[in-house]
Amino acid sequence: MSSSRRHHLKSLMLQIAANWIAQEEKNIAAAKEAYMADQCPAPSLGGDQAALMETCRKLHALIDKVDEERYDLQTKVSKAEKEIDDLKIKVIDLAGVKKPALKKVRMSADAMLKALLGSKHTVNLDLRANLKQVKKEVKEESLMLQIAANWLEQEANEIAEAKEAYLAERCPAPDLSGDQTALMEFCKKLYLALDKIDEDRYDAEAKVEKSAKEIEDLKLKVVELAGVKKPALKKVRMSADAMLQALLGGKHKVTMDLRANLKQVKKETKEEAAEGVGDWRKNIEDKADRKKMFETS
């Protein structure tokens with residue numbers, strides 16, 4: 001294949017791929033618009049002041065719910081991104097790419113744990129200070145497991161507190177004081193806020209699905225690069241009949257007596273006629289006569 005032909009095929013493939021990507025983006029945008037039109041219809045602002053107040057309360061409750069879902073999805077996205085980075089590093093390690101040389105840094109265990117856990121955590125590695133003097137008692141959990149459980153519990157509490165603070169800041173209690181015109185304007189603002197938050201939630205959900213697919217692909221790649229170890233099989237001694245019965249099932253009766261199916265054929269002895277053997281002295285005399293004939297000539 002010539003270079004011009006190769007270049008033409010490459011440009012054609014790139015053009016087809018670009019068309020596919022553009023079509024996929026159009027399909028995603030159309031699905032998003034259909035979802036938003038279905039989930040966030042225009043609110044009905046008709047009615048008296050009491051009806052408008054009830055509409056505002058419903059919109060505020062819906063905003064609170066959607067924003068909480070969006071917060072959870074964004075947390076999943078950040079967690080998935082970290083997992084993707086770890087899997088990519090693992091793939092690079094298994095593929096055999098050379099890492100850059102790292103400098104050796106001398107630091108204490110306290111400084112190392114503080115750098116890993118952050119400045120909020122105060123770490124003390126004086127493990128003996130936390131030990132109780134117990135005489136001949138066996139503890140179910142070791143000290144390190146207990147410390148790890150405390151850290152996990154503290155981290156879960158911090159995540160819950162951060163979520164509550166975020167929702168309290170983003171979704172304060174609605175102010176329903178004012179006349180009917182002010183309530184209508186407030187309902188419109190709530191509807192716009194709900195539309196934007198629900199759109200962000202939709203994008204976060206799409207990112208979660210995309211990250212899940214990427215994580216599955218990376219896990220399969222890690223398994224392919226690492227190789228699957230086969231379990232050690234035990235050697236079992238069994239006869240040929242038992243092996244065939246195990247393969248074919250209990251309904252089939254198998255016998256390996258192959259001689260029973262052979263026909264009995266009698267051996268026929270053929271007598272071959274013995275060829276006559278001449279006298280070797282006669283052959284020698286003939287050769288001697290020929291030699292004399294050549295010598296005299």
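Visitor: What makes Lys88 and Glu214 a salt bridge?

Guide: A salt bridge is a side-chain nitrogen of Lys or Arg within 4 Å of a carboxyl oxygen of Asp or Glu, and because the closest N and O atoms of Lys88 and Glu214 are 3.8 Å apart, the pair meets that rule. Lys88 lies in helix H2 and Glu214 in helix H5 (residues 180-226), so this pair ties together parts that are 126 residues apart in sequence.

Visitor: What kind of model is this, and how are its residues numbered?

Guide: This is a predicted model, in which local features need pLDDT of at least 70 and side-chain atom pairs count only at pLDDT 80 or more, while totals for chains, interfaces and linings use all residues. Residues are numbered from 1 along each chain as its sequence is written, and side-chain values use heavy atoms, with hydrogens and water left out.

Visitor: Why is Lys196 called exposed, and what is Asp200 called?

Guide: Buried means under 20% relative accessible area, exposed means over 50%, and partly exposed is in between (1.4 Å probe, protein chains only). Lys196 has a relative accessible area of 54%, and is therefore exposed, whereas Asp200, with 25%, is partly exposed.

Visitor: How do you know that Lys196 and Asp200 form a salt bridge?

Guide: Their side chains meet at 3.5 Å, N to O, and both residues lie in helix H5, four residues apart, which is about one turn of the helix. Elsewhere, salt bridges that share partners join Glu69, Asp198, Arg201 and Glu205 into one network.

Visitor: Which helix holds both Arg57 and Glu54, and why does each count as partly exposed?

Guide: Both lie in helix H2 (residues 49-95), three residues apart, about one turn of the helix, and their side chains meet in a salt bridge at 3.8 Å, N to O. Arg57 counts as partly exposed because its relative accessibility is 41%, and Glu54 counts as partly exposed because its value is 39%.

Visitor: How many helices and strands does the chain have?

Guide: Helices (H or I, at least four residues) and strands (E, at least two) are DSSP runs, numbered from the N terminus, and by that reading the chain comes to seven helices and zero strands.

Visitor: What share of the residues counts as buried, and how many salt bridges are there?

Guide: Of the 297 residues of the chain, 13% count as buried, and the count of salt bridges comes to 12.
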